[in-house]
Amino acid sequence: MRNGFGCILAYDVAAFIDSALQLASHLANVGDAKTLVIHPASTIHQQLTDEEQLSARVNKEMLRVSIGYEHIDDIKEDFTIAFEKIKEIN
């Protein structure tokens, strides 16, 4: 985006990894200056039925990630470690 602004990414993941992340915060206000992660199905869309969630393009495996100002190597390391923890559990 113009002037260096970032975006929000949405990922489908097999496991709920946000609890394994250390750098990224689990908050509902994505779009902050720091890296944030939210599980929309259990937070901001929890009041919707499964059908309504799917209509809103939200599913149980989705995480939304808002990349913040932290160094990209730190962000990548945080996600790499979180995915490794999930592999160990599964």
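Which residues does H45 touch, not counting residues up to four places away in sequence?

1. Basis of the note. This is a predicted model, in which local features need pLDDT of at least 70 and side-chain atom pairs count only at pLDDT 80 or more, while totals for chains, interfaces and linings use all residues. Residues are numbered from 1 along each chain as its sequence is written, and side-chain values use heavy atoms, with hydrogens and water left out.

2. H45. The residues touched by H45 are P40, Q53, V58 and R64, leaving aside those up to four places away in sequence (contact means heavy atoms within 4.5 Å). H45 belongs to the loop between strand 3 and helix 1 (helices are DSSP runs of H or I with at least four residues, strands runs of E with at least two, numbered from the N terminus). With a relative accessible area of 16%, H45 is buried (buried means under 20% relative accessible area, exposed over 50%, partly exposed in between, with a 1.4 Å probe and protein chains only).

3. R57. The loop between helix 1 (50-55) and strand 4 (62-66) contains R57. Its phi is near 65°, a positive value in a residue other than glycine. R57 is exposed, at a relative accessible area of 72%.

4. Helix 2. The buried residues of helix 2 are I75, D78, F79, A82 and I86. Seen down the helix axis, they fall within an arc of 90°, so they line one face of helix 2 (the arc is that of the directions from the helix axis to the C-beta atoms). Strand 3 (36-38) and strand 4 are among what covers them. The face turned away from this buried side carries the exposed residues K87 and E88.
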